[in-house]
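Dear colleague,

Please find the structure below for your files.

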Amino acid sequence: MACENEYEENVDNLRKLFKANNIVSFNIQHIKCSAGSSSGDNYMSVVKRIQIRGHRNSNNYKDPDFMSVIIKRQIPSLSRRQLYRCDEAFCNEIMAYNHVIPLLDRYMSESVFPKCFYAGHDDVGEIIVLEDLKEIGYRMQNRLTGLDLNFCELVMKQLAKFHAASIAAQRLDNAMFRDKCKQVCEIVYCKEAEEFYKNILETSIQESLNSLRSSNVDGCLTEPIRLIEKLQYKLFTKIQSYITNPSEHMSVMCHGDLWMNNIMFTTTNSSRGLNDSSIAGDVNSRHNAENPIPCKVKFFDLQAMRYASPVFDILHFIYTSTKRDLRDMHTKHLLETYSLALSSNLGEQFTEPSPDLDSLRDIYSLPNITNEYYKHVLYGLAICMWILPAVTFDPDNIPNLDAISEMNSSAKEIKCTQKLTPEYHSRLRDLALEFYQNGYLN
């Protein structure tokens with residue numbers, strides 16, 4: 001069976017791939033494919049949901065079987081792939097699933113990533129086959145409302161688990177860790193991508209300044225605007241220096257793009273086989289109660305995986321997935337939650353008492369993590385201004401990236417913005433005041 005448009009897959013090719021890699025253990029009779037993410041949820045690849053039905057031969061009767069997987073493919077538009085460096089990103093994710101994640105999973109009781117059945121090439125091109133998290137009860141949360149404290153605590157604990165696995169692998173099998181780290185590379189702050197992403201960040205900051213100026217009716221934003229203007233053309237280079245010169249003293253394998261679009265949760269109200277029409281990225285799922293309690297979390301979309309300070313993952317998450325009131329009240333608590341979870345997970349990897357364990361707990365102590373966080377806090381400003389339009393987008397005004405890339409061959413010409421919403425302007429105002437009032441802009 002074929003699907004329409006970009007979600008179409010060659011069924012015979014899938015049968016061959018599934019059989020060759022032992023992905024499906026029953027006789028396939030029917031394959032259905034559909035969109036695997038909502039419009040506007042994925043910019044760097046095409047995500048498809050593949051539902052497979054068949055029968056498992058068992059003695060003299062047949063038992064029906066079902067399996068659902070997520071398939072990621074390259075974007076068809078060559079101009080868009082070249083402009084947005086999609087090929088490099090896709091390759092990086094393949095390498096992450098083939099090399100980095102299997103190593104880190106050895107040091108985690110339960111992986112924080114979806115199961116990867118296959119990452120590589122087939123007769124069509126590059127392909128990644130993952131377990132369908134939605135099928136086992138995982139859901140995205142609403143980007144517009146941001147995450148509450150319970151969800152943030154769970155992310156901090158699981159992020160610490162992931163980072164602790166990296167630290168353990170580095171200490172206990174350094175040669176293997178180094179080899180696997182070399183398989184992934186920086187795709188955003190590298191020299192090859194500098195022109196494009198520097199322009200994107202500076203354009204995002206310019207849009208932010210335009211918004212702040214229009215919101216400055218009482219004059220309270222005048223000084224924040226002045227200070228942000230001074231940073232506009234320096235911020236990319238500053239962050240690039242942070243990222244590309246990681247300190248061996250405190251560095252781990254990082255997710256690199258940890259925000260709400262790349263995180264799914266199970267909650268006390270999630271259940272398998274819910275009768276709804278939502279897809280993996282549906283932020284308006286109505287199955288959750290008003291105040292769901294998170295149980296488990298998974299991180300995915302590993303295109304930007306990098307070796308860097310752990311605080312870049314923390315800052316990336318906090319400044320894209322929460323609102324100011326939560327940050328004002330709970331940032332210290334979240335850093336403490338992360339630190340305690342990291343220490344606990346490290347304790348599971350090293351036999352106590354251990355000089356290595358004592359040394360690591362000292363290196364990744366709460367004071368050191370806190371100092372590192374505020375030392376690099378401007379990364380939070382940059383990533384929020386960069387991603388906030390996507391967090392708060394109007395679903396009726398999503399930019400056509402294929403058309404943009406075809407019309408603009410140079411990164412200097414591109415204007416990748418969409419209609420900015422009242423929520424965008426409100427959260428940006430809060431962000432600017434937060435950084436100014438806390439002295440981060442100095």
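**Fold and aromatic cluster**

Of the contacts (heavy atoms within 4.5 Å) between residues at least 6 apart in sequence, 80% join residues at least 24 apart. Please note that this is a predicted model, in which local features need pLDDT of at least 70 and side-chain atom pairs pLDDT 80 or more, while totals for chains, interfaces and linings use all residues. Residues are numbered from 1 along each chain as its sequence is written, and side-chain values use heavy atoms, without hydrogens and water.

The chain contains 15 helices and nine strands, taken as DSSP runs (H or I of at least four residues for helices, E of at least two for strands) and numbered from the N terminus. Of its 442 residues, 58% are buried; buried means under 20% relative accessible area, exposed over 50% and partly exposed in between, with a 1.4 Å probe and protein chains only.

Rings of Phe, Tyr and Trp (its six-membered ring) pair if their centres lie within 6.5 Å; planes under 30 degrees apart are stacked, over 60 edge-to-face and the rest tilted. This rule gives 13 aromatic pairs. One of them is tilted: Tyr319 and Phe435, at 5.3 Å centre to centre with 55 degrees between the planes. Tyr319 lies in helix α9 (residues 311-321) and Phe435 in helix α15 (residues 422-437), so the pair links parts of the chain 116 residues apart. Both Tyr319 and Phe435 are buried.

Tyr373 and Tyr374 form an edge-to-face pair, because their planes stand at 80 degrees, with ring centres 5.0 Å apart. Tyr373 is buried, at 1% relative accessible area, whereas Tyr374 is partly exposed, at 30%. Ring pairs join Tyr319, Tyr373, Tyr374, Phe435 and Tyr440 into a cluster.

Yours sincerely
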